Every structure is written in C-alpha cells, then in structure tokens.
Amino acid sequence: MSQPNPEELEKLIHHTLRSLPNRRAPRSLEQRVMAAIVAQQSLPWWRQSFAHWPQAAKAAFLLLSGAFAALLVTIVFRAGADVGTASPLTSALSTLAHAKMVLGNISDIGAAVLRSIPPLWLYGGAAFVVVMYTTLIGLGATAYRTLFNHR
Amino acid sequence: MITPIDFATFMRNYQDMVFSTAVRLVGNEAQAEDISQEVFLKAYEHFDNLQSSPTAGGWLKTVTTNLSLNHLTRYRNRWRFFSEFKRQDNSGAEDDAEIEFAAPDNFFGGLDSDERKAWLDSALEQLPEHQRVPLVLFHFEDMPYEEIAKKLRVSLSKVKTDILRARAALAQVLMRSGATHEKFNA
C-alpha cells in the first residue's frame, strides 16, 4: 500500500463523485408540493402573504397603517406637550412613586400567599418539579439516542 | 398566469437535482424531501420569473443549499445537548486514522451504474456531518474553500482538514465496501 498524493486523491474523489447521477426524488414529493400549493391558494386572501393580497386591499392597508401611525405620533406629541407644562422632575418622581406602590402591593400579595402554604408543601413541590424535569430530559435523550441518532 | 401543469413540468425537470442536493447535504431522505418541498413552494412564488429564466436551475440549487445548511444548523443546535457531548469541531480519533491505500485510477472498475450509485450514496451518508457537508459543497457545488468556511462559519484550515479527511474516509469506506476489491488486490 502507498500513501496517495492529496492532489491525486482530490482528482480521484472529484471524478468519482461527479460521475454520480442525481438521486431520484420520491414520488410523493410532487404530490406534496401540489397539495401544499392548493392548500395555500384555498386560503382567504387576508391569510396569504402580503404579496398575494388584492391591490385595493394593499392600498387600503397602507393608508390605514399610515393614518394609525400619524394618530399615534399626534397623541404622543400632545401628551408630551401636556406633561411639559408640569415640572419634569415632579412628573418623574410621581411615576416612580406609583411604580413602587404597585410593586409593593404585588410583593405583599405574594408573601401572604406563600405564608399560607405549609413549608413542607413548598419543598415537596420544588422537589417534584426537579425530579420531573430531570426525568423528562433523561427520557428525551434516551429516546433520541435510541430512535433517531444512528451515527 | 401560472397553470398547475406548467409548474408540474417545471418541477419534474428539476426535482431530482433539488432532492439530490438536499439529501447529500443533510444525509437523510425524509428531511431532504421536506427541504425539497420548501424549495418548490418558494419557486412557485417566483414562478413568473423562473419559468423563462435560463438560471432557474442555479436559483433552485442555491436555495436548496441554503435551506439545507439552515436546517442543519437548526437541527444541530436543537439536538446538541442530547447527542453531541464531545465537540465535533475537534476531530475525533476516527478522523486521525492515516490515509493508507493504493490509489487506483478509478474506484469502480468492475461495477455497473446502479451498484456504483448505491455504494457512493451509502458511503457519503456514512461520513460524519462535519466532513460530508464541506465535501459536498466543494465537489458537487464547486464552492471554493473560502466560501465554504464563510457559509459554515468555521476556519479555512478546518474546512481544508475536514475535506481532506472526508476524501480519505470516503476512499476507505469505498475500499471496505469491496467495490475496489480487484483493483486494490491486484
């Protein structure tokens, strides 16, 4: 046996692979594609991609979108003008105080709920979640390696 | 106006090429069929331009290659946790096997076309993905090393090494298959 020259091997493999004819596509491919096309065409126009919408619908959509965007911009600017009359610092502080109050209420409710549950239930629940999670990961990995990963 | 018959004829002309490109890249017939379906659905959307275009074949091949590579990336990311605890970037021990065989003039002196096709397809599928994909891109798609490295987001040296090892592995698989029995023992 001899060590082949890499260039020689490249030419040989290239020649061998390029002499390989195309593989025949499965008979089911054409049927699947045609069925998918028919299914797409049978969808109402508003569920198809934008490119397939009727021209009038496209124009109406663009007009409405433009109008909606203009309305939003107007609202934001007017709100900004209203806020601008008050002190910016006062406005920011009141927003912060409001956010703090909402978060405080939420945490109070959470703490009350947690206190009402016996600690044993909490630990048991956490352990159950961990066990189920690891079991599912293990089952998934085993199933994949057994059924799908042939290499 | 597109008629179903026009598109069906178009599809029949190119479906073997599209399927071959996909199956050689992904190494799995069912996945290649899914990819081929996606390619032809995209082709249908652009059929007004494609039906009279001389570059329709090239367009289909490019789309098939890109969709296959996207599929491999998605699939690899999804299942890496389950199946690839060792890094494939660093070639394993099986890759380090020395290339040692007599170089014949061709691999299939005594085989007819169908046997040759079956052996080669099987040998390609036996290659690990990190060797098969750059090999297919280089030899079937005529893609230069630099472009392969860019597409696969790996270094140029890795692409060259993987292709070199893929050629050696392919040659060894073909030898083991007995296809070259007479040649190698002559």
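Helix α2 of chain A (residues 27-41) packs against helix α2 of chain B (residues 29-45) at an angle of about 45°, with the axes 10 Å apart. Helices here are DSSP runs of H or I with at least four residues, numbered from the N terminus. This is a predicted model, where local features need pLDDT of at least 70, side-chain atom pairs count only at pLDDT 80 or more, and totals for chains, interfaces and linings use all residues. Residues are numbered from 1 along each chain as its sequence is written, and chains are lettered from A in the order in which they are written.

- From α2(A), the contact residues are A:Leu29, A:Arg32, A:Val33, A:Ala36 and A:Ile37; contact means C-beta atoms, placed from the backbone, within 7 Å.
- From α2(B), B:Glu33, B:Ser36, B:Gln37, B:Phe40, B:Leu41 and B:Tyr44 take part.

**Two loop residues with positive phi**
- Most residues other than glycine have a negative phi.
- B:Asp142 has a phi near 55° and lies in the loop between α6 (129-139) and α7 (145-152) of chain B.
- B:Arg153, also not a glycine, has a positive phi of about 55° and lies in the loop between α7 and α8 (156-176) of chain B.

How values were computed:
Axes are lines fitted to C-alpha atoms, for helices over the stretch in contact, and angles run from 0 to 180 degrees between N-to-C directions. Two residues are in contact if their C-beta atoms, placed from the backbone, lie within 7 Å.
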